[in-house]
Amino acid sequence: MLTLHQAGLITIPTIAPLDGTIRPGELLVIVGPNGAGKSTLLSMLSGFRNAEQGALHLDGKPLREWPIAELANRRALVAQQELPGFDWQTDELLSLGSNPAKSLVAALLDDLDLTHLAKRSVLSLSGGERQRVMIARGACQLLSRGSPTAKDGGILLLDEPTSALDIGQQQRLMRQLRGWAAQHRMAIVCVLHDLNLASTYADRVWLLHQGQRIDHGLPSQVLNPATIAKIYAAELQHIEGGPHGKPLLALAP
Amino acid sequence: MIAILNTDRFRVRLPVSRTTRVLVGLTATLLLALAWAAASGALGISPWEVLRGQADPLSIQVWWQLRLPRLLLGVAVGAMLAGSGAAMQGLFRNPLADPTLLGLASGAGLFVALWIVLFQDSGASSLYGQFAAGFLGALCVCLIVFGIAKRQGGGSAAVMTLLLAGLAINTLAGAGGGVLAFIASDEQLRQLSLWGMGTLTNALWRTTALALVLIAAALWLLMRSARELDLLQLGEATAHAAGLDASRLKRRVVVATSLGVGLCVALTGVIGFLGLLVPHCLRLWLGPGHRLLLPASMLGGALLLVVADTLARTVAAPAEIPVGLLTSLLGGPYFLYLLMRRNRAC
């Protein structure tokens, strides 16, 4: 469990102090316009940038007091569009940062529809395939390094994991994330641009704007067309009664 | 019918890991090359007779005092240059990083030349002074290059900037060397040109023994970084989240590389392209994992330099070709061949 007490960043890019708790088993989605500070917030949550005010606690212990190696057992990060240096084979790349059992690697490859690419070089994959490999690696780190005494599956931080995926793969991934969250009691924090994906799959949503979290809560509350239209400076059509009674947001032509 | 047969089934499976097989194979090849090198030279000496004390006194003297230290120095310098190339490429996540291209070697060279011109008369301490100067020169360049790389962040622009920075440093060091040659006395000039040719000619026990110890320490530091270099390939933020202390890794690799390359340059002058060529070829063969790539590069570098140096001193015997020239001639075409083969496979 990750808790924030007035945690924020003062040096640019800034994050205004915010409180919150990220609980095991939930899928938290961070949304906001370009430059809102989503990636910065994610790097603060991962401890890569230390909070400059307030504090973050992971499992009750201040985040900055965790040794880097132990922290890696409890949280993993999949950054945005990072090209791996050199020509790794897919299954080798999955094992970087951990020493996973073969069965775990195979299961994760299967989860993200990558089994047929296991022996391919990562640089020869398409953008979407590579993105799924990196996500599988993050999950692999948590699942193989997680200590047996831990009560939950740790925290997986994902920066725009669907940016290069087609709609079929988006659905498969979002379902898989929900699956991991439920099965391993993993907390998953996910930056998304697609508000309808957020609305369909998120347990909770944080809405960020200019470094400030201006709203948080259930997707149906946070993603209301009036707020969204204002913050994104976009003209929207609101389609009531979308699938499962969840609201859909569409751009006006 | 034949097409149905699975060829994998007929491949012999040895009960040892690929890492062990590759490293044992490379070590055996290196030992063979050393045996050949020990028996080759302007003077026909059989190492077997020398070791049994049956050779004539001159042969024994030449073999123990000239040939053996030279072989050992070749092993150490080759391993260091190729190993530091592999580590630098891992650190910059860029296959073009190399002690010569980034200007480390020429920076070390400039400092050593400075030392020779300014303090050459201080006698016995000059050797250690030369070592220290080489280390400092390489360290300075390392820090400059890192400063530039940090300011640039990642991406392809950074690669270009790194290479241009290396070019600038090489040019500067060249100009500095020219100025030094201009103001040097005749005796210093002779010493500068002897040292600057990039050969293993100056191998003596006094220098070689110390170099072996220090280079072994630097190589050990690099070997300890192998797993962390693997992690770094994920990108700095992701690697941090996967348990990597990147600044500690950088410090360690920079110190080891500067120490090693500085020493090599102080002893042998600039022997170029070993650090680029050996890890690059081996990576195409073995993949990018540093736990195998680093030791394999060290063995491969030692092998290449021992073979090249033996050719350099025998092909035109009793005259000698600068070995730096030969390493480029030997390695370049092979490198091109591998590149072409790889492109076809993709």
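**Notebook: aromatic pair and A/B interface**

I looked for aromatic pairs and found one over all chains (ring centres of Phe, Tyr or Trp, the last by its six-membered ring, within 6.5 Å). The pair is B:Trp63 with B:Trp64, edge-to-face, at 5.3 Å centre to centre and 90 degrees between the planes (under 30 degrees is stacked, over 60 edge-to-face, the rest tilted).

I checked the accessibility of both residues. B:Trp63 is buried, at 5% relative accessibility, and B:Trp64 is partly exposed, at 35% (buried is under 20%, exposed over 50%, partly exposed in between; 1.4 Å probe, protein chains only).

I note that this is a predicted model, with pLDDT of at least 70 needed for local features and 80 or more for side-chain atom pairs, while totals for chains, interfaces and linings use all residues. Residues are numbered from 1 along each chain as written, chains are lettered from A in the order written, and side-chain values use heavy atoms without hydrogens or water.

Next I looked up the interface. Chain A puts 25 residues into the contact and chain B 23 (heavy atoms within 4.5 Å). The buried area is about 2,000 Å², 66% of it from carbon and sulfur atoms (accessible area lost on being put together, 1.4 Å probe, summed over both parts). A:Phe48, A:Ile68 and A:Phe86 supply 34% of what chain A buries against chain B, more than any other three residues.

I searched for salt bridges across the interface and got zero (Lys or Arg side-chain nitrogen within 4 Å of an Asp or Glu carboxyl oxygen).

Notes: Buried area = accessible area lost by both parts, 1.4 Å probe.
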